[in-house]
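Open the model in your viewer and keep the selection tool at hand. The stops below go one by one.

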Amino acid sequence: MPETRSTHVIVGAGLAGAKAAETLRAEGFDGRIVLIGRENERPYERPPLSKEVLLGKKDDDSVYVHEAGWYAEHDVELREGVEAQALDLAERRVGLSDGSSVEYTRLLLAMGATPRRLRVPGANLEGVSTLRTRADSLALRARISGGGLRVAIVGGGWIGLEVAAAARTYGNEVTVLEAEATPLHVPLGPEVGALFADLHRAHGVEIRCGEGLFALRGEGSVDHVTTSLGHEIPADLVLMGVGAVPEDSLARAAGLKCENGVLVDSSLRTDDPDVYAAGDVASAYHPLYRRHLRVEHWANALNAGPAAARSMLGQDVTYDRVPYFFSDQYDLGMEFSGYATPGAYDKVVFRGDPASGEYIAFWLSQGAVVAAMNANIWDVTDPLQSLIRSGKKVEESRLTDPAVPLADL
């Protein structure tokens, strides 16, 4: 089939899917592009939803990836409010919830992830919510912006802590339940997780570690939570912030290999040569770490979408970017680069005093830096990522000495 008659279909109209469509056109693809999204609005970015949008610091419409007319101007068929329900690999066809179907030459799966909801009594009570969509953020802001509520947050991960910071800023009482020993225990470990616990406690948040959720109680609407230790905590609003699961059911049903997401190689191709995956749904082989990683952060969607688009066009692509994310909580802004889950490192050292709120944390594995986080210190991401990528062993005294330029490490 001539390339000009090809149809490239993208399932998932989030940041990864939108940037993939943009890249296909920028790279000269002049075939048909179909972008399928389940929400009734055009693609938008998610990080502001738990930060600036939730705090009312950013215009609600500023989150969109493109202006409203961009898709028509670039001949991208944006199918809003439609869900992909069936994938036939043999026929190269995607069946949609409106009864139609679309054939593809190349297919990109970018469905993202869905917030996990704990299966406990009372999980369906009014006042129990998650935060994933723009509508979720606006509804949550409307509830907490007046202050005076008792807010319980289940899960001390990034979403949970960012919502906790916003809720406290509005003057609400906030309790965070975290089953692990510290907040952010899995992505950052206990040493730095404890620093975030201290940060929130200093702002009046009750952090209850080693204590999960047993049940939600109330008549119609939630009015308190019962913890795994049997404690009763009053709550007018409960946010479930216990992670997300990849939206890989479409791929699984079609027979594509999946394991914590859709498995792809370093070119973001699945085991079907005409199907690719990017963003939160993809578990991609990372040459630097020599394993598959599923990264649920903005930078991954921003960069993997274009990489997948180039791979779909037959370009030689190796997606090996160092994982990166950022967070803003109260007066703390931070950026994290690398991979520091349990077992990936053996020591954490600091440059600067964490108590001051300005520091860099380094996660080490046998003397080499595998991850780094800069807190209220800016314009250091490039040298930190270069250091991680190098795999070099560095003397701890040089890492912790602010007089040693990062570029010299």
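Start with Lys51 and Phe326. Lys51 lies over the face of Phe326, at 4.9 Å from the ring centre. Keep in mind that this is a predicted model.

Select Arg42 and Tyr64: Arg42 lies over the ring face of Tyr64, 3.9 Å from its centre.

**The sheet**

Next, select β22 to β26. These 5 strands make an open sheet, ordered β22-β23-β26-β25-β24, with antiparallel pairing. Which strands stand at the edges? Colour residues 324-329 and 347-351: they are β22 and β24, and each has a single partner strand, so one side of each is left without a neighbour in the sheet. From one strand to the next, the twist averages 20°.

Move to β23, residues 332-338, and β26, residues 368-375. The two pair in the antiparallel sense over 5 bridges. Click Gly338 to see one end of a bridge; its partner in β26 is Ala371.

**The aromatic rings**

How many aromatic pairs does the structure hold? The count is 9. Select Trp158 and Phe196 for one of them: the pair is edge-to-face, with 5.7 Å centre to centre and 90° between the planes. Trp158 sits in helix α4 and Phe196 in helix α6, residues 190-202, so pick both helices to follow the link. The pair joins distant parts of the chain, 38 residues apart.

Are Trp158 and Phe196 buried or exposed? Both are buried.

**The nonpolar cores**

Go on to the largest nonpolar core, which has 52 residues. Select Val11, Val94, Leu107, Leu108, Leu109 and Leu268; of the core's residues, these touch the most other members.

Centre on Val94. Which residues is Val94 in contact with, leaving aside its neighbours within four places in sequence? They are Val11, Ala84, Ala86, Leu87, Ser100, Ser101, Val102, Tyr104 and Leu107.

Finish at the second core. This core is separate and has 23 residues, among them Tyr44, Val63, Tyr64 and Leu237. Tyr64 is back in view here: its ring face is the one that Arg42 lies over.

Methods
Residues numbered from 1 in each chain as written. Predicted model: local features only at pLDDT ≥ 70, side-chain atom pairs only at ≥ 80, totals over all residues. Heavy atoms only, no water. Pairing = 2+ DSSP bridges. Helix = DSSP H or I, 4+ residues; strand = E, 2+ residues; numbered from the N terminus. Axes fitted to C-alpha atoms, helices over the stretch in contact; angles between N-to-C directions. Phe/Tyr/Trp six-rings, centres within 6.5 Å; stacked < 30°, edge-to-face > 60°. Buried < 20%, exposed > 50% of the residue type's maximum accessible area, 1.4 Å probe, protein only. Lys NZ or Arg CZ within 6 Å of the ring centre and 35° of its normal. Core = buried A, V, L, I, M, F, W, Y, C linked by side-chain atoms within 4.5 Å. Contact = heavy atoms within 4.5 Å.
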